[in-house]
Amino acid sequence: MSEESDSVRFGERRLDIENAGVRGGGALRAAAPQKVIKDREIELKLACEPKWAEAVANSPVLAEGRQDEARDLTLTAIYYDTPGHDLLKSNTVLRVRTDGDRFVMTAKTNGAESGKALERSEREVGVQSPEPERSALPRILSGEAWSALRDDPLIPVFRTEVRRQVHVLDLSGSVVEVAVDQGAILAGERTEMLCEVELELVEGKVQALFELADKLVRQFPLRPTVRSKSARGFDLAAGASPPVSKAPKLEFDGEETLDDVVATICHASLRFLLENQPAAEDGRDPEGLHQYRIALRRLRALFALLRPLGSSPQLDELGDDAKWLMSALNDARDWDVFLGTVLPAVWENCGHLGGFDALEKAASGARSIAYRQVRASIADARNARFQIALGLWIERRGWRDAGSEVARELLDAPARAFAADTLSRLHRKVLRRGRRFERLSPEERHRLRIAVKKLRYAADFLLPLFEQRKRLKRFAKSLSHLQEQLGVFNDVAVAERLVGSIATTKMGVAGHKAAGIVLGWQSHRLIGLETSCIEAWSALRSHRRPVKA
């Protein structure tokens, strides 16, 4: 059963988070201890504005295949952790929920282990009260979580109160439970309203979730998210911005078929994108937008790797959508770098010359405008359709549809041959782009940087198929270092464009003077960078091709 998707009936009574006791309505009957239910949850969550909840619940889309009448439920749950949040640090969420006239204690982990965007594992057991039953914890916690808990007390962190309408649909042999939730997350004095549509797979194929979601997002302004109620609750309690995820490290045993390798990379890439979307939209941590853009770049690099398998209109459409979204994020990221890296370095060394506060104010205003574009694009219906279409394409293994018989044979063969050929081809392209490196024009270095990026992402995807010798690790490190060095040259060009874009704002004479100092500082910086960039290029050239074709 799932924390957000259970279809059991809850009473109207509420649990008091301060003492985790029963308030009003009489006492609840304690559940007799049950055996542990060990399962996994496969759920696609769609964020929704409250004004659309009723329309979604009454949509003809949900009337198709409905097995029974929709049920209206009231759900209350309390989430617990140690004072130091040791369970959360071990990737575990613990909650006690009122289940009719019973109490159920549940432990959940996210889908990072499987790499799949929609999957989480869970274990639950009946307990005697709304407080965690310590003797039952070893039965539902992982070894890591139980070790992290030690003898520390468990305290309530937040609670959720939700009104839910549940529909159970039979969709061509797949059973999907749809829950339309409205309610609130409460943590001390902080409250956050929530409204979401959850599609949980009860039986059948995961693609049924995406097929249903595709119909819904074409009718309503919904968008996919992997951000759970528990994640939102912990951030609300801490007053923190959404967390940022780094690109997942892929692991293979080297014997997988190319088809299975592509599926693994695709699942991990979609999860990486969805995990960073809340932080990118929030904007308080610039790293969120940075990782969101990296996720999109990795997807575009992946699409490019698959194109040799055959032409595909759907793959081209996914690539166009990723490019569109990427272009909407660029200005905000550029201003993040300018305000977080470029300007502070100059200000620290030249602050006595004045005007930097006026320049910072103008740049911050431009950044705010750029982030409005970020949020509008993330909320745009095109983005929702793109992400749902991507998920459906992954579940259907759509990369098989466009290929010839030869391409399908390649997909069914061990992946190493394709990986070796691909890495060798991209490596040769980098070497060609970098010939006579010292004489390359800025435009030619930019093209080299793009080629290096493509090789870098391909290496991240495919090198795990090979035994990780020191030589491969040194190659990957050299590749990353060259990408960083070439990126600095790009940052200088971007800074010039940004400063020029705010030159017409009311910064005053001092602000314009500071802008000139920044540009002069950046130009002078290039002189010192040239030597280190040439060294980075020479280091990469010294490596043989990463793997034999």
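This is a predicted model: local features need pLDDT of at least 70, side-chain atom pairs count only at pLDDT 80 or more; totals for chains, interfaces and linings use all residues.
**Salt bridges**

I started with D412, which forms a salt bridge with R400, their closest N and O atoms sitting 3.0 Å apart. I'm using salt bridge for a side-chain nitrogen of Lys or Arg within 4 Å of a carboxyl oxygen of Asp or Glu. D412 is in helix α13 (residues 405-412) and R400 in the loop between α12 (381-395) and α13, so the pair ties together parts twelve residues apart in sequence. Helices here are DSSP runs of H or I, at least four residues, numbered from the N terminus. D412 comes out partly exposed, at 46% relative accessible area. My cut-offs are under 20% for buried, over 50% for exposed and in between for partly exposed (1.4 Å probe, protein chains only).

Residues are numbered from 1 along each chain as its sequence is written, and side-chain values use heavy atoms, with hydrogens and water left out.

Next I checked E275, which has a salt bridge to R271 with the closest N and O atoms 2.8 Å apart. Both are in helix α8 (residues 258-282), and they are four residues apart, so about one helical turn separates them. R271 is buried, with 9% relative accessible area.

Then I looked at E530 and R445, whose side chains meet in a salt bridge at 2.7 Å, N to O. E530 belongs to helix α17 (residues 508-541) and R445 to helix α15 (residues 442-462), so this pair ties together parts 85 residues apart in sequence. E530 is partly exposed at 22% relative accessibility, whereas R445 is buried at 10%.

I also found one network in which salt bridges share partners, joining E43, K45, R164, D181, E192, E196, E198, K229 and R232. My tally of salt bridges is 35.

**Helices α9 and α10**

How do the axes of α9 and α10 cross? Helix α9 (residues 286-306) and helix α10 (residues 313-350) have axes that come within 9 Å and cross at roughly 150°. I take axes as lines fitted to C-alpha atoms over the stretch in contact, with angles from 0 to 180 degrees between N-to-C directions. That makes the two roughly antiparallel, a label for angles over 145 degrees.

Which residues meet there? Among them are L289, Y292, L296 and F303 in α9, and L318, A322, M326 and L329 in α10. Contact means heavy atoms within 4.5 Å. The contact's residues divide into 13 nonpolar, three polar and six charged.

Notes:
Angles under 35 degrees count as roughly parallel, over 145 as roughly antiparallel, 65 to 115 as roughly perpendicular and the rest as oblique. Ala, Val, Leu, Ile, Met, Phe, Trp, Tyr, Cys and Pro count as nonpolar, Asp, Glu, Lys and Arg as charged, and the others, Gly among them, as polar.
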